[in-house]
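Q: Please take a close look at one residue and the part of the fold around it. Where does the residue sit, what does it touch, and what surrounds it?

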Amino acid sequence: MNTWQRRTAHSLLGLAVLMLVYAVVYDYAMGAFENEPETFLHSLQVVVEAFTTTGFGSDSPWQSPVMNVLVIVMDLTGVALIFLALPVVVFPLLDETLSRSAPTTIEDADHVVICAYTPRGRTLIEELDSRDVSYVVIEPDRDRADELHEEGVRVVHGDPEAPETLERVDLGAARALVADASDEQNASIALAAADTADTRIITFVEDATVADYHRYAGADEVFSPRRLVGESLADTVTTAISTELGDVIEIAGDFEIAELPIQTGSDLDGVRIEESAITERTGANVVGAWLRGEFVSPPAPTDRIDEHSILLVAGREAELERLKELTLSDTRSRRHGRVIIVGFGEVGTTVYESVSRAGIETVVVDHEDDPAVDVLGDAADKATFREAGIDGANAVVLALPDDTLTVFATLVIRELAPDVEIIARAEETAGIRKLYRAGADYVLALATVSGRMLASTILDEDVMSFDKQIEVVRTQCPALGGHTLREADVRARTGCTVIAVERNGDVRTEIGPAFELRPDDDLVLVGTDAAINQFATRFE
């Protein structure tokens, strides 16, 4: 019960007691001073008329001075109570009604309870909406809850660490609970949830070392996406400056999917897709491409590849290795410069450990002192990067927790070193496009990785890639059974590409427009998160 509800209940209770007292006094006074005994119910009616000003006393006129004084006092009391009720009860009621305040309870089933509204929570909500799975967000701040309610988010106001709040959102009937506040709060939420209902509990940790405490508190799954993002950025570094393929997504046997950035001065830099003859020269197929921050699948024949492009390709390992050679610059491949890591939090530390293990020289930049930090300085200052040796660097990894600062640092680096590889971590998906426009070569959003991890866990999806710019999923779609790929037209209708079909344990990668799908086929889809969601909405 919130403050307004408690105040209203107390006011109504006090008013009822006062009216009963006046009714008793009036009933006694009518017999004692007016010699006109009345029933108690009639006396109560007179008091109600006086208090509400709907009547002027059905027993008037009164003869005795005592009765006249009593009626005057009752009239004044009623009027006073009306004026008091306006600010205490009526105005808050109107304000709550007109401002569409967030509710404090819901009734639902098979829903997902999300404790705190964060960027990764927004990604999860998009995934849930695309699959018609209901959710509710618990927000402890009343003003923030009201704002989210106005924006159309299904939210309730309450303390997620309180069992009574979890009961008011039907936690016992929920599919899962996601705790996405601070590490300490998430542990407390897990304890409260475990005591309230037998529901799947998923928590996030910023510090991976505290994951065990969350499990002790009752969490079924504990996610630490920052480490995964760091490992992915580190792999992108080694892929960008070496001839190795790096981390690939294996579909079946040696048939793989990879992201290959185009280096300045490589054979493919400045070439149109139709002129590149990639399939003829290597055997690999271009599934899609990131062209200056925008994913297209497939790229048009007239689209130009440049140093800001990343190709999404599929093929056998040998074919991908041949294509990798075409993306490398002779100048850069001969130059074994350093990697500058900006930001030494969880993500930056993971990048540092992974890159160092690969035998690559690193320079760590941070604004806080640490034994591993080589340059102490501001990421927005040119002098910091000059001191870090930007002129001789092959790549810069921006592992900063603030997207605005990351964008500005990208602009500074691009001015100082136009050819250096810039690999950036974004906090929110909204920052990806800005970073590409600022000059970043590769961007991975923490919210994207976290949202995929959550969605695959809660919805039991077979997601084959968490830490890539695109999503690769394996899914069944009986609705497409009996249709050819040409008839299904999945790419045009959703933006996804079907790159393989698994049938009776056999993965088929040589599939053309005339390939006919069966209801029990497993489709391997590639696309952006939005495209995968569109596929789920349209076909599943």
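A: V342 lies in strand β12 (residues 338–342), where strands are DSSP runs of E of at least two residues and helices are runs of H or I of at least four, both numbered from the N terminus. This is a predicted model, in which local features need pLDDT of at least 70 and side-chain atom pairs count only at pLDDT 80 or more, while totals for chains, interfaces and linings use all residues. Residues are numbered from 1 along each chain as its sequence is written, and side-chain values use heavy atoms, with hydrogens and water left out.

The strand belongs to an open sheet of six strands in the order β14-β13-β12-β15-β16-β17, with parallel pairing; two strands pair if DSSP finds at least two bridges between them. At the edges stand β14 (375–376) and β17 (442–445), each with a single partner strand, so one side of each has no neighbour in the sheet. Elsewhere in the sheet, β15 (residues 393–398) and β16 (residues 421–426) run parallel and are joined by four bridges. A395 is placed opposite E421 in β16.

V342 itself is buried, with a relative accessible area of 2%. Buried here means under 20% relative accessible area, exposed over 50%, and partly exposed in between, using a 1.4 Å probe and protein chains only. Leaving aside residues up to four places away in sequence, V342 touches V365, A379, F385, V396, V397, L398, A399 and L400, a contact being heavy atoms within 4.5 Å.

In soluble globular proteins, nonpolar side chains tend to be buried together.
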